[in-house]
Amino acid sequence: MSSSSKVFTLEEVAKHNTKDDCWLIIGGKVYNVTKFLEDHPGGDDVLLSSTAKDATDDFEDVGHSTTARAMMDEYLVGEIDATTIPTKMKYTPPKQPHYNQDKTPEFIIKILQFLVPLAILGLAVAVRIYTKSESA
């Protein structure tokens, strides 16, 4: 591709989303993969589902071979105008207050978590001592 490669907008590339005309955006470059649809090992549906968006993550997640990456140059038609691709926003769940189902103050729960096992242990020791002294 020459240094004066064509620059496309996302809107222009998104129009090419059929089996007869399929373009993909991978790594900031635009590829016309229409001729490759039938030969793609994953089937044409995989490629068609990646149209009209930046398919870089889809391409990288599969782990394509170096041969597959070398084949891409054959289908290169230009570059994408990065300003036309919407920025990805990381999902952050809404902050929710701590939910105390039974409305018991937390310090009581912490005390009980310590005292209940201690009481069970004390009871077990007392039973052991009592049963040992009777058998002697």
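## Reading a predicted fold, feature by feature

Mentor: The largest pocket holds about 420 Å³ of space. This is a predicted model, in which local features need pLDDT of at least 70, side-chain atom pairs count only at pLDDT 80 or more, and totals for chains, interfaces and linings use all residues. Residues are numbered from 1 along each chain as its sequence is written, and side-chain values use heavy atoms, with hydrogens and water left out.

Trainee: What counts as a pocket, and how is a volume found?

Mentor: A pocket is an open set of points where a 1.4 Å probe fits, with protein on both sides within 12 Å along at least five of seven lines. Lining residues have an atom within 4 Å of a point. Points are joined across faces, edges and corners, and the volume is the space filled by probe spheres set on them.

Trainee: Which residues lie nearest the centre of the largest pocket?

Mentor: Phe36, His40, Leu47, Phe59 and His64, out of 20 lining residues. Helix α4 gives the largest share of the lining, four residues.

Trainee: How are helices and strands named, and how many are there?

Mentor: They are DSSP runs, numbered from the N terminus: helices are H or I, at least four residues, and strands are E, at least two. This chain has five helices and five strands. Along the sequence the pattern is β-α-β-β-β-α-α-α-β-α.

Trainee: In what order do the strands form the sheet?

Mentor: Strands pair if DSSP finds at least two bridges between them. Here the open sheet runs β1-β5-β4-β3-β2, with mixed pairing.

Trainee: Which pairs are parallel and which antiparallel?

Mentor: Strands β1 (residues 7-8) and β5 (residues 76-80) run parallel, joined by two bridges. There, phenylalanine 8 stands opposite isoleucine 80. Strand β4 (residues 29-32) runs antiparallel to β5, with three bridges. Lysine 29 stands opposite glutamate 79. Strands β3 and β4 are antiparallel too, over four bridges.

Trainee: Is threonine 18 buried, partly exposed or exposed, and why?

Mentor: Buried means under 20% relative accessible area, exposed over 50%, and partly exposed in between (1.4 Å probe, protein chains only). Threonine 18 is partly exposed because its relative accessibility is 37%. This residue is found in strand β2. For the chain, buried residues make up 21% of the 136 residues.

Trainee: Which residues does threonine 18 touch?

Mentor: A contact means heavy atoms within 4.5 Å. Not counting residues up to four places away in sequence, threonine 18 touches Leu37 and Leu48.

Trainee: What is a nonpolar core, and which residues have the most contacts inside the largest one?

Mentor: A core is a set of buried Ala, Val, Leu, Ile, Met, Phe, Trp, Tyr and Cys residues joined through side-chain atoms within 4.5 Å. The largest has 13 residues, and Ile26, Tyr31, Val33 and Leu47 have the most contacts inside it. Strand β3 (21-26), α2 (44-48) and α4 (66-75) each supply at least two of its residues. The largest share, three residues, comes from β3. Apart from this core lies another, of eight residues, among them Val13, Trp23, Ile25 and Ile85.

Trainee: Which residues does the record's "transmembrane region" cover?

Mentor: Positions use the numbering here, feature names are shortened, and annotations may be inferred rather than shown by experiment. The unreviewed UniProt entry gives residues 107-130. In the model, that span is 100% helix and 0% strand, with its end C-alpha atoms 34 Å apart.

How values were computed. 1 Å grid on protein atoms, 1.4 Å probe; cavity = no way out; pocket = protein on both sides within 12 Å on 5 of 7 lines; lining within 4 Å.
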